[in-house]
Amino acid sequence: MQEYDVIFIGAGPGGYTGAIRCAQLGLKTAIIEKYNTLGGTCLNVGCIPSKALLDSSEHYYNASHTFAEHGIKLDNLAVDLGQMIKRKQEVVDQTTKGIVFLMKKNKIDTYFGLGSFVDANTVKIARNEGGEETIKGKNIVISTGSKPMAFPSMPLDKERIITSTEALKLSEVPKHLIIIGAGVIGAELGSVYARLGAKVSFVEFADSMIPTMDKTMGKELQKAVKKLGADFYFNHKVTSVVRNGDEVTVNIDTPKGEQMTLTGDYCLVSVGRKPYTEGLNLEAAGLKTDNRGKIEVDDNLRTAVPHIFALGDVIRGAMLAHKAEEEGVFIAETIAGQKPHIHYRLIPNVVYTWPEVAAVGYTEEELKELGKSYKTGSFPFKALGRARASMDIDGLVKVLADKETDEILGVHIIGPRAADMIAEAVVALEYRASAEDISRMSHAHPTYTEAFKEACLAATGNRAINM
């Protein structure tokens, strides 16, 4: 029986990143993956393929709506969804093969099959190609991720009533796509198909898009997505989803207590994700999940059994690939005897619509709830030369700073390349910079990041130069 210093069950971003760091630290490492490709949800049916389709659909939308203004004339423009899906899959295949290369490079043993606990140190692998194998680990890390969630009133058939997984490989552009949930996944995939010509309707139980983010971001994103022709039904509750042939009917309770229906050819259920721990046989290792299906861990990400760790979507916190990556490295370094840290408040959140949305730190609503004295500074992209040059003028940068000390407490961006711009804000918060600090740093002109500087100037006494 093979014995390892560390065994990772699950090869998503947290698992494979943690495994690589373990190997770098000289630990004999193995990784077990239920599916036949590495990379988990993120690389196979999540982050990477959705970004590929988002980019393809944005190219088409620009070709059909803005190229003429740029002086580019096109004839007979058409959507080839099959080619978009094919390119998306090629991106996925290249990326997952890259993870295989990294496992070999770092001498990490890879097992393809369902891993389950025999006891607290032993894992049985039901190999995908048949047969079983058992391995032992001094330390074991549960990194099995999550899967789309649905309610009994929304029976998934994965053909017309679908999850994000099926939405990434449709064979046709929907005529009317009804999306239950206007959070990150719904917003991104709704954007894809709205750009390609689908009628899109969002039905959201909360009162805004991306309801967990700063309210200003939700309002601005709604304005942008509405330009694509989308409809929104906020504070509406879905009571049932019924398929009849190629038609899907969504029955809804309105805020006024009335009933209404929406009918489309596809319904995307994007009401969140839930931890995936089925088949792990946690009880054999002395573990159990809480009432939300999550595995409880301490501040060092140890479970109730000290040499068994857990990370990513199966534990508390945001379900983000880069959060899981940080936790994978944290666990590896903890096992190696180091003293790593993660500042969870400073893990950025991103929505890859166009304009993109990105945020780090506190929202304004959170600061109000805490009774924290704060000030704000905002700067719109339409006042920025670089944004006007590229015709990307939707959105703004919003900075929240401590009213007394000027320390930046939160940064919220909706605009072009917000996903990349937020990294500067993360650095600022990590080093506890003030709005004045950022406002005195030289930002290249013309760039999108000037909007961050201008928002900081606005926060330090209404000093924005270009507004």
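Q: Why is isoleucine 72 called partly exposed?
A: Its relative accessibility is 37%. Partly exposed covers values between the 20% limit for buried and the 50% limit for exposed, so isoleucine 72 counts as partly exposed. The model is a predicted one, and the value is computed from it.

Q: Where does isoleucine 72 sit, and which residues make a nonpolar surface patch with it?
A: Isoleucine 72 belongs to the loop between helix H3 (47-65) and helix H4 (81-105). Together with Leu74 and Leu77, Ile72 makes a nonpolar surface patch of about 240 Å². A patch residue needs over 30% relative accessible area, and Ile72 has 37%.

Q: What makes aspartate 93 buried, partly exposed or exposed?
A: Aspartate 93 is part of helix H4. Its relative accessibility is 33%. Buried would require under 20% and exposed over 50%, so aspartate 93 counts as partly exposed.

Q: How far is aspartate 93 from glycine 415?
A: Their C-alpha atoms are separated by 30 Å, and the two residues are 322 residues apart along the chain.

Q: Why is glutamate 220 called buried?
A: Glutamate 220 lies in helix H7 (residues 215-226). Its relative accessibility is 17%. The limit for buried is under 20%, so glutamate 220 counts as buried.

Q: Which residues does glutamate 220 touch, not counting residues up to four places away in sequence?
A: Glutamate 220 touches Gly395, Leu396 and Ile414. Leu396 is one of the residues of strand S20. Helix H7 packs on a sheet, described next, and touches strands S18, S20 and S21 there.

Q: What makes S17 and S19 edge strands?
A: The open sheet has five strands in the order S17-S18-S21-S20-S19, with antiparallel pairing. Strand S17 (349-351) and S19 each pair on one side only. From one strand to the next the twist averages 10°. The direction of H7 makes about 5° with that of S21.

Q: How do you know that S17 pairs with S18?
A: Pairing asks for at least two bridges. Three bridges join S17 to strand S18 (residues 356-361), and the two run antiparallel. Valine 350 stands opposite alanine 358 in S18.

Q: How do you know that S20 pairs with both S19 and S21?
A: At least two bridges are needed for each pair. Strand S19 (residues 374-380) and S20 share seven bridges in the antiparallel sense, and lysine 375 has alanine 401 in S20 as its bridge partner. Six bridges join S20 to strand S21 (residues 408-415), again antiparallel. There the bridge partner of valine 399 is valine 411 in S21.

Q: What lies between S20 and S21 in their hairpin?
A: Five residues lie between the strands, and aspartate 406 in this hairpin takes a positive phi near 75°.

Q: What makes S20 a mostly covered strand?
A: Seven of the seven residues of strand S20 (residues 396-402) are buried. Leu396, Lys398, Leu400 and Asp402 point one way, Val397, Val399 and Ala401 the other, and all are buried. Helix H13 (residues 450-459) lies across S19, S20 and S21, running at about 140° to S19.

Q: Why is one side of S11 and of S13 left without a neighbour in the sheet?
A: Three strands form this open sheet, in the order S11-S12-S13 and with antiparallel pairing. Strand S11 (237-244) and strand S13 (259-264) stand at the edges and have a single partner strand each, so one side of each has no neighbour in the sheet. The twist averages 20° from one strand to the next.

Q: How do you know that S12 and S13 pair?
A: Six bridges join strand S12 (residues 247-253) to S13, in antiparallel fashion, against a requirement of at least two. Valine 250 stands opposite leucine 262 in S13.

Q: Why is cysteine 267 called buried?
A: Cysteine 267 is in strand S14 (residues 266-269). Its relative accessibility is 0%. Buried means under 20%, so cysteine 267 counts as buried.

Q: Which residues are in contact with cysteine 267, leaving aside neighbours within four places in sequence?
A: The contacts include Ile161, Ile162, Leu177, Val241, Val248 and Val250. The C-alpha atoms of cysteine 267 and isoleucine 162 are separated by 6.2 Å, although the residues are 105 residues apart along the chain.

Terms used:
Residues are numbered from 1 along each chain as its sequence is written. This is a predicted model: local features need pLDDT of at least 70, side-chain atom pairs count only at pLDDT 80 or more; totals for chains, interfaces and linings use all residues. Side-chain values use heavy atoms; hydrogens and water are left out. Helices (H or I, at least four residues) and strands (E, at least two) are DSSP runs, numbered from the N terminus. Axes are lines fitted to C-alpha atoms, for helices over the stretch in contact, and angles run from 0 to 180 degrees between N-to-C directions. Patches are made of residues with over 30% relative accessible area and no salt bridge: like charges are joined within 9 Å, nonpolar side chains (Val, Leu, Ile, Met, Phe, Trp, Tyr) within 5 Å. Accessible areas come from the Shrake-Rupley method with a 1.4 Å probe; for residues, only the protein chains shown count as cover. A salt bridge is a side-chain nitrogen of Lys or Arg within 4 Å of a carboxyl oxygen of Asp or Glu. Buried means under 20% relative accessible area, exposed over 50%, partly exposed in between (1.4 Å probe, protein chains only). Contact means heavy atoms within 4.5 Å.
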